[in-house]
Amino acid sequence: MPPKLFSRDIYEKIKPKDKGASNCPFCLDTRELDYIIHETDFFTVYYNKYPILWLNNHLLVTPKRHLVFTSQMSKEESADLVEIEKFM
């Protein structure tokens, strides 16, 4: 069972306006340990604290470095993501 989830409306009120790397919600180390369910050298898998439609099984997979496009991933990161997909 995931930890306490919050309304998406709450996130919409607090999300940063600037979407650059300095305000990227996935780069900012604000993830709480209770939400993390799997970690690798390159990615973190965790419950979405603010899921859409209150889906308790909504997971996020985010890289540990800021990427705008998946084409920016290294071969090692791409292989790691394939392994994570097997986990999910």
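Biologist: What makes glutamate 39 count as partly exposed?

Modeller: This is a predicted model, so everything I say is computed from it. Glutamate 39 has a relative accessibility of 46%. Buried means under 20% and exposed means over 50%, with partly exposed in between, so glutamate 39 counts as partly exposed.

Biologist: How do you know that glutamate 39 and lysine 64 meet in a salt bridge?

Modeller: Check the distance from N to O: it is 3.1 Å. The cut-off is 4 Å, between a side-chain nitrogen of Lys or Arg and a carboxyl oxygen of Asp or Glu, so this pair qualifies. The pair links distant parts of the chain, with glutamate 39 in strand E1 and lysine 64 in the loop between strand E3 and helix H2, 25 residues apart. Lysine 64 is partly exposed too, at 43%.

Biologist: Why do such side chains pair up at all?

Modeller: Opposite charges can pair when the charged atoms come close.

Biologist: How many salt bridges does a search of the whole structure find?

Modeller: Three. Another one joins the side chains of arginine 65 and glutamate 77, at 2.7 Å from N to O. Here the loop between E3 and H2 supplies arginine 65, while glutamate 77 sits in helix H2, 12 residues apart.

Biologist: Is glutamate 77 buried or exposed, and what makes you say that?

Modeller: Buried: its value is 3%, and the limit for buried is under 20%.

Biologist: Let's turn to threonine 40. Why is threonine 40 called buried?

Modeller: Its relative accessible area is 16%, and that is under 20%, so threonine 40 is buried. You'll find threonine 40 in the loop between E1 and strand E2.

Biologist: What makes the meeting of threonine 40 and aspartate 80 a polar contact?

Modeller: The two side chains come to 2.5 Å, and a polar contact needs N or O atoms within 3.5 Å. A polar atom of the threonine 40 side chain also lies 3.2 Å from the backbone nitrogen of phenylalanine 42. Not counting residues up to four places away in sequence, threonine 40 touches Lys64, Asp80 and Ile84.

Biologist: Which residues make up the largest nonpolar core?

Modeller: Phe43, Val45, Leu67, Met73 and Ile84, five residues. In soluble globular proteins, nonpolar side chains tend to be buried together. Among the residues that isoleucine 84 touches are Phe43 and Val45.

Biologist: Which nonpolar residues form a patch on the surface instead?

Modeller: Ile37, Phe87 and Met88 do, with about 280 Å² of accessible area together. Take isoleucine 37, in strand E1. Isoleucine 37 has a relative accessible area of 34%, and patch residues need over 30%, so isoleucine 37 passes that cut-off.

Technical notes: Residues are numbered from 1 along each chain as its sequence is written. This is a predicted model: local features need pLDDT of at least 70, side-chain atom pairs count only at pLDDT 80 or more; totals for chains, interfaces and linings use all residues. Side-chain values use heavy atoms; hydrogens and water are left out. Patches are made of residues with over 30% relative accessible area and no salt bridge: like charges are joined within 9 Å, nonpolar side chains (Val, Leu, Ile, Met, Phe, Trp, Tyr) within 5 Å. Accessible areas come from the Shrake-Rupley method with a 1.4 Å probe; for residues, only the protein chains shown count as cover. Helices (H or I, at least four residues) and strands (E, at least two) are DSSP runs, numbered from the N terminus. Buried means under 20% relative accessible area, exposed over 50%, partly exposed in between (1.4 Å probe, protein chains only). A nonpolar core is a set of buried Ala, Val, Leu, Ile, Met, Phe, Trp, Tyr and Cys residues joined through side-chain atoms within 4.5 Å. Contact means heavy atoms within 4.5 Å. A polar contact is a pair of N or O atoms within 3.5 Å; within protein, one must be able to donate a hydrogen and the other to accept it, and residues adjacent in sequence count only if both atoms are side-chain atoms.
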